[in-house]
Amino acid sequence: MSWAKKLAKRYRVDDGSKFRLRDHNPADTGGLRSESKAKKLLQKGVEKMEELQDRLYAQDRWGILLIFQAMDAAGKDGVIKHVMSGVNPQGCQVYSFKQPSAEELDHDYLWRTMRCTPERGRIGIFNRSYYEEVLVVRVHPEILKKERIPPDLVGDDLWQRRYEDISHFERYLANNGIVVRKFFLNLSKKEQKKRFLARLEEPEKNWKFSAADVAERAHWSDYQRAYEEMIRNTSTKRAPWYVVPADNKWFTRTVVAAAIVDTMEELNPAYPEVDEERSKEITAAKATLSEKKS
């Protein structure tokens, strides 16, 4: 078993029927007590990802969608920045989904994200996603009213129907060659407070501060329940969740890198084979260039 598979497997959830968030420690480091060792593994993962992504892009058969969800200050931006540092920008697309616009609210909730799924040969990254519709919308029901859904369709089973719709959508993507991998960065309330204070006390981090983020801490328990229900109802073998400990950024990034490398190694992309006709064209081109003096 490769180092990537061994590390990623520990945090992967294929079947969420018995999932309990309290069983997952945000401060876990998977036995890696050394930050320096974790950083070496991260660099190893980044280099392997670079190689595999080049083949994925050239093969042009599979696409990969990476979804990141977390409480504020869990480090989503940093994970994307560090883990994807070796990836060719030409083969990677990043989308951040904020508060929906008036146009987006006039469509079904999957519309704005469906338009951004990755092309074959590319890696797509969703920094937040359609999962906000079973997280923030569930914690703040007043947001649901802005979506103007017909009253007859808003019942007690609304969230269960959304879980089912999302799972069906991800199955559709998988059936069409778009591999889905989802990451919940599991941050403790104590560590979140520490990071919020750092944003206030360090001038270079002031720009990250939002009063709304602090206000959301009052709903911490509601969000934890919403995340647990989300993972419990949308974890599948073809679109698993990775519940990644997020109290130590150096470990979070290493686990995410391992999961992506493991996924790409399973796909085992290869450079396209050159057929006979193309081989003749290459031979002829070499001969022509060799004959010319300039």
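Where is valine 87 placed relative to helix H3 and strand E3?

1. Basis of the model. This is a predicted model in which local features need pLDDT of at least 70 and side-chain atom pairs count only at pLDDT 80 or more, while totals for chains, interfaces and linings use all residues. Residues are numbered from 1 along each chain as its sequence is written, and side-chain values use heavy atoms, with hydrogens and water left out.

2. Valine 87. The residue sits in the loop between helix H3 (76–83) and strand E3 (92–96). Helices (H or I, at least four residues) and strands (E, at least two) are DSSP runs, numbered from the N terminus. Valine 87 has a relative accessible area of 8% and is therefore buried; buried means under 20% relative accessible area, exposed over 50%, and partly exposed in between, with a 1.4 Å probe and protein chains only. Leaving aside neighbours within four places in sequence, valine 87 is in contact with Met49, Gln53 and Cys92, where contact means heavy atoms within 4.5 Å.

3. Overall description. The protein chain has 13 helices and six strands. Its C-alpha trace spans about 75 × 50 × 40 Å along the principal axes. Of its 294 residues, 48% count as buried. For contacts between residues at least 6 apart in sequence, 82% join residues at least 24 apart.

4. Surface and charge. The chain exposes about 16,200 Å², and carbon and sulfur atoms supply 49% of that area. Accessible areas come from the Shrake-Rupley method with a 1.4 Å probe; for residues, only the protein chains shown count as cover. There are 53 positive and 46 negative side chains, and the centres of the two sets lie 5 Å apart. In this count Lys and Arg are positive and Asp and Glu negative, with His and the chain ends not counted; the place of a charge is NZ of Lys, CZ of Arg, CG of Asp or CD of Glu.

5. Nonpolar cores. In soluble globular proteins, nonpolar side chains tend to be buried together. A nonpolar core here is a set of buried Ala, Val, Leu, Ile, Met, Phe, Trp, Tyr and Cys residues joined through side-chain atoms within 4.5 Å. The largest has 43 residues, of which Met84 and Phe183 touch the most other members. Elements giving two or more residues to this core include helix H1 (3–9), helix H2 (35–59), strand E2 (63–70) and strand E5 (178–186). Helix H12 gives the most, with eleven residues.

6. The structure holds 23 salt bridges, each defined as a side-chain nitrogen of Lys or Arg within 4 Å of a carboxyl oxygen of Asp or Glu. Glutamate 51 and arginine 55 form one, at 2.6 Å from N to O. These two residues are four apart in helix H2, so about one helical turn separates them. Glutamate 51 is partly exposed at 35% relative accessible area, whereas arginine 55 is buried at 15%.

7. Salt bridges between distant parts of the chain. In the salt bridge of glutamate 133 with arginine 162, the closest N and O atoms are 2.7 Å apart. Glutamate 133 belongs to the loop between E4 and helix H6 (136–139), arginine 162 to helix H8 (residues 158–175), and 29 residues separate them in the chain. Both partners are buried: glutamate 133 has 10% relative accessibility, and arginine 162 has a relative accessible area of 3%. Aspartate 213 and arginine 199 form another salt bridge, at 3.7 Å from N to O. This pair links helix H10 (residues 211–216) with helix H9 (residues 189–201), the two residues being 14 apart. Aspartate 213 and arginine 199 are both buried. Salt bridges with shared partners also join Lys5, Arg181, Asp262 and Glu266 into one network.

8. Asparagine 248. This residue is in the loop between E6 and H12. Asparagine 248 is partly exposed, with a relative accessible area of 23%. Not counting residues up to four places away in sequence, asparagine 248 touches Ala27, Thr29 and Arg195. The C-alpha atoms of asparagine 248 and glutamine 90 are separated by 30 Å, and the residues are 158 apart along the chain.
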